[in-house]
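Let's take a friendly walk through the side-chain contacts of one protein model. Please have the sequence and the 3D view ready.

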Amino acid sequence: MNFHSFFFKKHLKKKSTLFRDAFGNLHFIKRFLIFTFGCISYNRYNGFNQLHLEGTEYVKNLPDKKVLFVSNHQTYFADVFAMFHVFYSVKNGFVNSIRNPIYLLNPKVNLYYVAAKETMNQGILTKLFTYSGGITVKRPWMKGKEQINPSVLSDITRMGIAINDGWLITFPQGTTQAFAPGRRGIVHVIRKYNPIVVPIVIDGFQKAYDKKGIRIKKKGVLQKMKFKKPIQLDLKKDTTDHIMEKIMDSIEQSPKYKYKKDSSSN
C-alpha cells in the first residue's frame, strides 16, 4: 500500500461525534466561537450595513450532509461570516432573513469553508476562525493542466471529509479578483465525492470592507447574497471543462457576465 492509499483510507474514516466534529474540534468550543464572532459581526449585515437575501428556500430543504456551495469571492472573511449567519438562520426556520440572531444559539456545527493556508496562519485570530469551521488548503491547486501534487491530494481529502460530514463553502476562483478563472481542483472534488452543488452569488462586500473583510471601509452599503438552484451535473458525460463552465456561469463569473458588466459600465 502506497502513502496516498494509506492517507485516504485513514482520513476518510473520520466522522463527527456528539462532542467533536470530523476534524476533532470540540463542539462546545466551536459553538462559543460561532456565538462570539456572530455577535461581533451581526451589525455588519443587519445594522450599519444591510444584507439582502434571495433564494434561501433552495437551502431550506437540503440534506444535512454532502452539500457543496460554490460562490464568487470579494473579501477573505466578511463573505464567509455573512454566509454563516444565513445558514444558521435558515437552519432555525427563517427564510431570506437574519433579523432574529437567536439562531446563533443553535448553529449548524457541521458547516465548513475552504480558506488558503497562508491566510489562516497569520495570527491567533485567524486560527480561531479556522477552528470555527475552516478547511485550509495550499495554492495553487493544479500543477500544469491535469497533474495534482501530493499536498493537493491531501487538501481534496480534507474537503471530502467536510462534505461527507456536512456542508462545505468553497470559492472556485481562489481569489477576490472579479472574473478570475476558476480552478479545476473543485471539479476533482465534485467527481470524487458527488455532492449537491449549490451556487451563491454575492455583491457589495468589496465596497463595504477591506480585502481581509475585517476593517469597515464604508457604511450604509447594501450587500447582496443570492442562492440558486443546485447545478445539474452528469459526472459520467460532462467533461471537466464543461463542469467548470457550468460552475463559473452559475456564480456569474463567466466571460458573458464580464462582458455584460463591461457593457453596462460604458
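## Rings, charges and a surface patch

W167 is buried, with a relative accessible area of 6%; buried stands for under 20% relative accessible area, exposed for over 50% and partly exposed for what lies in between (1.4 Å probe, protein chains only). The model is predicted, so to speak of local features requires pLDDT of at least 70 and side-chain atom pairs count only at pLDDT 80 or more, while totals for chains, interfaces and linings use all residues. Residues are numbered from 1 along each chain as its sequence is written, and side-chain values use heavy atoms, with hydrogens and water left out.

**Aromatic pairs**

Rings of Phe, Tyr and Trp (its six-membered ring) are paired if their centres lie within 6.5 Å; planes under 30 degrees apart are called stacked, over 60 edge-to-face, and the rest tilted. The count comes to 15 aromatic pairs. One of them is formed by Y45 and F205, which are tilted, at 6.4 Å centre to centre with 50 degrees between the planes. Y45 belongs to helix α2 (residues 27-46) and F205 to helix α9 (residues 205-208), so this pair ties together parts that are 160 residues apart in sequence. Helices (H or I, at least four residues) and strands (E, at least two) are DSSP runs, numbered from the N terminus. Both Y45 and F205 are buried.

W167 has an aromatic partner too: with F69 it forms an edge-to-face pair, 5.4 Å centre to centre and 65 degrees between the planes. This pair links distant parts of the chain, with F69 in strand β2 (residues 67-71) and W167 in strand β5, 98 residues apart. F69 is buried, with a relative accessible area of 0%. Elsewhere, ring pairs link F37, Y76, F77, F81 and F129 into a cluster.

**Charges over rings**

A charge sits over a ring if NZ of Lys or CZ of Arg is within 6 Å of the ring centre and within 35 degrees of the ring normal. Which residue lies over the face of W167? That is K108, at 4.4 Å from the ring centre. K219 lies over the face of F48, at 5.3 Å from the ring centre.

**Salt bridges**

Side chains of opposite charge can pair when their charged atoms come close. With a salt bridge taken as a side-chain nitrogen of Lys or Arg within 4 Å of a carboxyl oxygen of Asp or Glu, the count is eight. Here are some of them:

| Salt bridge | N to O distance |
|---|---|
| D21 and K30 | 3.0 Å |
| R184 and D241 | 2.4 Å |
| D249 and K256 | 3.4 Å |

D249 is partly exposed, with a relative accessible area of 26%, and K256 is partly exposed at 43% relative accessibility. Salt bridges that share partners join K226, K228 and E252 into one network.

D21 and K30 are both buried.

**A nonpolar patch**

I124, L125, L128 and I214 make a nonpolar surface patch of about 340 Å². Patches consist of residues with over 30% relative accessible area and no salt bridge, like charges being joined within 9 Å and nonpolar side chains (Val, Leu, Ile, Met, Phe, Trp, Tyr) within 5 Å. Accessible areas come from the Shrake-Rupley method with a 1.4 Å probe, and for residues only the protein chains shown count as cover. L125 is found in helix α6 (residues 124-131) and is partly exposed, at 42% relative accessibility.
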